[in-house]
Amino acid sequence: MADQKLSLPAKLINGGVAGLVGVTCVFPIDLAKTRLQNQQGPRLYTGMLDCLVKTVRSEGYFGMYRGAAVNLTLVTPEKAIKLAANDLFRQQLSKDGKGLTLIKEMLAGCGAGTCQVIVTTPMEMLKIQLQDAGRLTSQKPVSAAGTAPSPHTSQVSGNTPTSLHQRPSATRITRELLKTRGIAGLYKGMGATLIRDVPFSVIYFPLFANLNDLGRSKPEEKAPFMHSFMAGCLAGSVAAVAVTPLDVIKTRLQTLQKGVGEDSYSGILDCTRRIWSREGPSAFLKGAACRALVIAPLFGIAQGVYYLGVGEHILEILG
């Protein structure tokens with residue numbers, strides 16, 4: 001990303017607007033990714049298109065946007081923090097006048113990925129429950145994640161919040177989690193989110209910055225909008241596929257309700273071991289194509305909007 005001398009408010013506005021536009025465009029594909037990653041045993045969906053078609057048939061067009069309200073509400077601070085933090089870390093790391101080495105670019109990305117987790121974890125936690133609800137309509141939800149029933153398969157659990165068996169809503173899930181598990185309930189899977197988002201940012205931001213620089217005729221100039229868009233798409237898809245195994249683990253850990261015979265997991269290592277032994281290594285790439293199709297345009301749009309300087313224009317109007 002260009003090391004522009006932009007104000008923090010402008011960075012936050014740019015990141016927020018970029019996130020809203022991107023999520024609106026790609027959310028149905030993200031829903032398909034979540035449902036495909038949560039499939040264990042017999043497959044309800046054979047792929048992304050099959051998932052979307054069956055979702056529309058059984059839940060209507062708006063069924064593809066289950067959980068979108070949560071994402072649209074929280075993606076603004078999430079993307080704002082991620083993009084702005086990366087810019088700020090890059091500026092701090094280049095203050096010595098020597099420019100940014102690859103290592104420094106990776107450190108800036110690492111910092112950005114770490115900062116965003118405070119918003120990403122509860123956002124993904126709520127979104128996953130809403131996205132996966134339709135997949136479970138043909139199976140009675142039988143357990144809450146966070147318990148590891150013996151013999152490692154889902155059973156009826158007395159610890160499952162009652163309201164989670166009803167038609168889910170973000171408000172109901174949040175209220176029940178806070179009541180039964182406290183704030184920690186909303187941050188279940190934070191470790192898994194961290195080990196996914198930090199490597200993603202370490203790969204994405206340096207790759208984007210170097211690809212984007214190829215479109216500049218002079219170092220001080222912005223790259224053309226389309227070049228920034230394509231650089232964001234390419235860097236996003238590469239980073240997304242690279243961390244898909246970590247995303248599968250995170251999705252499984254954050255899913256509160258399981259279908260009949262589906263595993264619950266006690267932690268990251270337990271989840272990794274059981275997926276490997278029960279489903280094989282290919283299970284770690286479930287939803288990889290969907291994830292690439294989500295992240296590529298999401299970050300392409302994000303970087304394009306960010307480089308259009310929407311935040312600066314808004315601040316000029318308000319000022």
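Hi everyone. Two aromatic rings, from Phe, Tyr or Trp, count as a pair if their centres lie within 6.5 Å. Keep that in mind as we look at this structure, which is a predicted model.

A search of the whole structure finds nine aromatic pairs. Let's take Y204 and F208. Their ring centres are 6.0 Å apart and the planes sit at 15°, so this pair is stacked; the cut-off for stacking is under 30 degrees. Where are these two along the chain? Both belong to helix α7, which covers residues 190-213, and they are four residues apart, so about one helical turn separates them.

Are they buried or exposed? Y204 is buried, with a relative accessible area of 0%, and F208 is buried with a value of 0% as well.

Now stay with Y204 and turn to another partner, F299. Here the ring centres are 4.6 Å apart and the planes are at 55°, so we call this pair tilted. F299 comes from helix α11, residues 288-308, while Y204 is in helix α7, so their pair ties together parts that are 95 residues apart in sequence. F299 counts as buried too, at 3% relative accessibility.

Which residues do the ring pairs link into a cluster? They are F200, Y204, F205, F208 and F299.

Note on methods:
Residues numbered from 1 in each chain as written. Predicted model: local features only at pLDDT ≥ 70, side-chain atom pairs only at ≥ 80, totals over all residues. Heavy atoms only, no water. Phe/Tyr/Trp six-rings, centres within 6.5 Å; stacked < 30°, edge-to-face > 60°. Helix = DSSP H or I, 4+ residues; strand = E, 2+ residues; numbered from the N terminus. Buried < 20%, exposed > 50% of the residue type's maximum accessible area, 1.4 Å probe, protein only.
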